[in-house]
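Subject: Structure handover

Hello,

I am passing on the structure we talked about. Please look it over first; my notes on a few parts follow below.

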Amino acid sequence: MRVKKSFKTRRKKSFFKLYLFCFFILAAFSGLIYFLFFSSFFTIKEINILNNKEVPKQQIENAISLKLTQNIFLADTEKSCEEIKDKILKISEVSIKKSYPNKIMVQVEERKPVAILQKEDSFYFIDKKGIAYQETNRGDSPVLISNGIKITPDLAQKSGKIMDKFQNLDTLTFISEYRANAKSKEGWEAYINLDGDVDWQMEELQTILNGEVNSKDLKYIDLRFDKIYIFPETAILKNPTKK
């Protein structure tokens with residue numbers, strides 16, 4: 001009987017130790033969960049907005065669901081990035097990083113205009129991706145007329161180059177995805193191959209205008225081919241070797 005009693009005693013002690021071990025593990029785990037998700041140590045105390053130039057900091061903070069006193073582990077940074085881009089069209093890219101224990105770093109990239117797009121009687125800045133993001137006044141600036149053609153990033157980039165390098169430009173009109181007519185403020189036009197080397201075409205145009213051609217007598221300069229055609233001038237200029 002003594003052996004059986006001793007076995008039962010040892011069994012009770014082993015069970016009690018196991019119970020205490022599980023209790024301490026559970027208590028430690030509960031304490032860790034509370035510390036990570038409910039204590040003030042990991043609540044957001046600072047939201048830093050970086051790289052914003054024209055968009056006010058307060059506007060960016062108001063556009064996201066991230067708030068002070070929110071737990072940093074529960075902050076949904078991907079959702080917040082989309083919220084900023086959806087609500088503030090001026091911002092093109094957003095990245096949000098958590099700086100533990102309690103800081104949020106929001107880095108934004110604002111859109112920069114490459115051209116002014118005309119839509120009926122209104123004018124809008126477009127960026128390098130071809131996105132019209134802000135209404136503006138035309139003033140003396142040249143404008144892009146899309147004629148319903150989708151402005152891809154490639155077309156936006158090329159349009160920006162033409163508008164930047166074509167002096168005295170009035171309008172740039174898409175005839176197709178592959179052709180644009182650039183009209184000067186003097187009234188003559190340059191026909192441009194959008195599928196070709198736009199930089200080279202602009203260099204050639206500038207060379208012609210700096211030469212003996214009288215721009216006031218021009219009707220058009222066709223830059224789309226291996227030979228440049230000038231009308232009403234009868235001279236046909238050979239292209240030098242392309243760079």
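How are H4 and H5 oriented to each other, roughly parallel or roughly perpendicular? Bear in mind that this is a predicted model. The two helices, H4 and H5, pack at an angle of about 15°, and their axes are 10 Å apart. Angles under 35 degrees count as roughly parallel, so H4 and H5 are roughly parallel to each other. The crossing in which H4 passes H5 is right-handed. By class, the contact of H4 with H5 has three nonpolar, one polar and four charged residues. On the H4 side these are Lys158, Lys161, Ile162 and Lys165, which meet Val198, Asp199, Met202 and Gln206 in H5.

Now H4 by itself. This helix covers residues 153-165, 13 residues in total. From its first C-alpha to its last, H4 reaches 18 Å, close to the 18 Å expected at 1.5 Å a residue. Its buried residues are Leu155, Ala156, Lys158, Ser159, Gly160, Ile162 and Met163.

Asn71 sits in the loop between helix H2 (57-63) and helix H3 (77-87). Is Asn71 buried or exposed? Asn71 counts as buried because its relative accessibility is 7%, and the cut-off for buried is under 20%. Asn71 and Ser40 are 31 residues apart in sequence, while their C-alpha atoms are 8.1 Å apart in space.

Regards

Note on methods:
Residues numbered from 1 in each chain as written. Predicted model: local features only at pLDDT ≥ 70, side-chain atom pairs only at ≥ 80, totals over all residues. Heavy atoms only, no water. Helix = DSSP H or I, 4+ residues; strand = E, 2+ residues; numbered from the N terminus. Expected span 1.5 Å × (residues − 1). Buried < 20%, exposed > 50% of the residue type's maximum accessible area, 1.4 Å probe, protein only. Axes fitted to C-alpha atoms, helices over the stretch in contact; angles between N-to-C directions. Parallel < 35°, antiparallel > 145°, perpendicular 65-115°, else oblique. Left-handed = near helix turned anticlockwise from the far one by under 90°. Contact = heavy atoms within 4.5 Å. Nonpolar A, V, L, I, M, F, W, Y, C, P; charged D, E, K, R; others polar.
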